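User: I would like a close look at one part of this model, namely its side-chain contacts. Please take the charged pairs and the aromatic rings together in one connected account.

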Amino acid sequence: MQIYGYPLNLYSVSADFVRNTGTIGYGGGGGGIDNRSKIDRISGNFIDNTCNGYHGGGIANISGETNTILGFFLGNNAAWGGGINNQGTINSLTGNFIGNYATAGLNGGGLRNFGTINSLSGNFIGNKTINNDVAGGLMNCNDTAAITLSADSKDIIFYSNKDSGFCVG
């Protein structure tokens with residue numbers, strides 16, 4: 001199942017997204033969810049999803065706003081943001097990102113953020129970029145990108161992410 005959230009405004013999406021493929025091309029995104037509008041709450045497991053375009057193997061939040069994301073992101077891939085590519089706003093993101101990868105360099109194997117994440121908690125384990133560039137675990141490299149770690153952030157684990165794990169620009 002794939003959800004393309006434009007121009008829809010959805011209250012809640014709760015599902016497991018397994019082995020889905022997102023659209024092809026520069027504008028294509030989201031192996032599981034491609035949000036370009038507003039989704040209040042997303043919860044579920046995102047496993048082995050692929051984006052043949054650029055944005056987010058599990059979730060692409062391109063110009064959208066998502067209040068809460070609770071999820072497990074395992075083995076997803078895309079050019080930008082293997083687990084999630086965020087270029088919009090996510091108010092609260094809690095998840096474990098394990099074994100996700102980005103197929104283009106400098107683009108966040110687990111999470112790529114070029115937008116705003118107001119609260120982040122979770123673990124980043126074994127994520128990578130294919131081209132051996134930086135930002136295997138999490139990429140936050142943009143003059144306007146912002147991530148605020150949650151009160152529980154002292155418990156965030158970055159482990160065995162290939163490349164630098166965390167990029168701040």
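At 32% relative accessibility, does Glu-65 count as buried, partly exposed or exposed?

Analyst: Glu-65 counts as partly exposed, because its relative accessibility is 32% and the class partly exposed lies between buried (under 20% relative accessible area) and exposed (over 50%), with a 1.4 Å probe and protein chains only. The model is predicted, so local features need pLDDT of at least 70 and side-chain atom pairs count only at pLDDT 80 or more, while totals for chains, interfaces and linings use all residues. Residues are numbered from 1 along each chain as its sequence is written, and side-chain values use heavy atoms, with hydrogens and water left out.

Glu-65 takes part in a salt bridge with Lys-38, at 3.7 Å from N to O; the term denotes a side-chain nitrogen of Lys or Arg within 4 Å of a carboxyl oxygen of Asp or Glu. This pair links distant parts of the chain, with Lys-38 in strand S6 (residues 38-47) and Glu-65 in strand S9 (residues 65-74), 27 residues apart. Strands are DSSP runs (E, at least two residues), numbered from the N terminus. Lys-38 is likewise partly exposed, at 33%.

The count comes to two salt bridges. In the other, between Asp-34 and Arg-36, the closest N and O atoms are 2.9 Å apart. Here Asp-34 is buried, with a relative accessible area of 1%, and Arg-36 is buried at 19%.

The aromatic side chains give four pairs, where rings of Phe, Tyr and Trp (its six-membered ring) pair if their centres lie within 6.5 Å; planes under 30 degrees apart count as stacked, over 60 as edge-to-face and the rest as tilted. Among them is Phe-17 with Phe-46, stacked because the centres are 4.9 Å apart and the planes at 5°. Phe-17 lies in strand S3 (residues 17-18) and Phe-46 in strand S6, 29 residues apart; both residues are buried. Phe-73 and Phe-97 are also stacked, with centres 4.7 Å apart and planes at 5°. This pair joins strand S9, which holds Phe-73, to strand S12 (residues 89-98), which holds Phe-97, across 24 residues. Phe-73 is buried at 0% relative accessibility, and Phe-97 is buried at 0%.

The charged end of Arg-112 sits over the ring of Phe-114, 3.9 Å from its centre, the criterion being NZ of Lys or CZ of Arg within 6 Å of the ring centre and within 35 degrees of the ring normal.

Conventions:
Helices (H or I, at least four residues) and strands (E, at least two) are DSSP runs, numbered from the N terminus.
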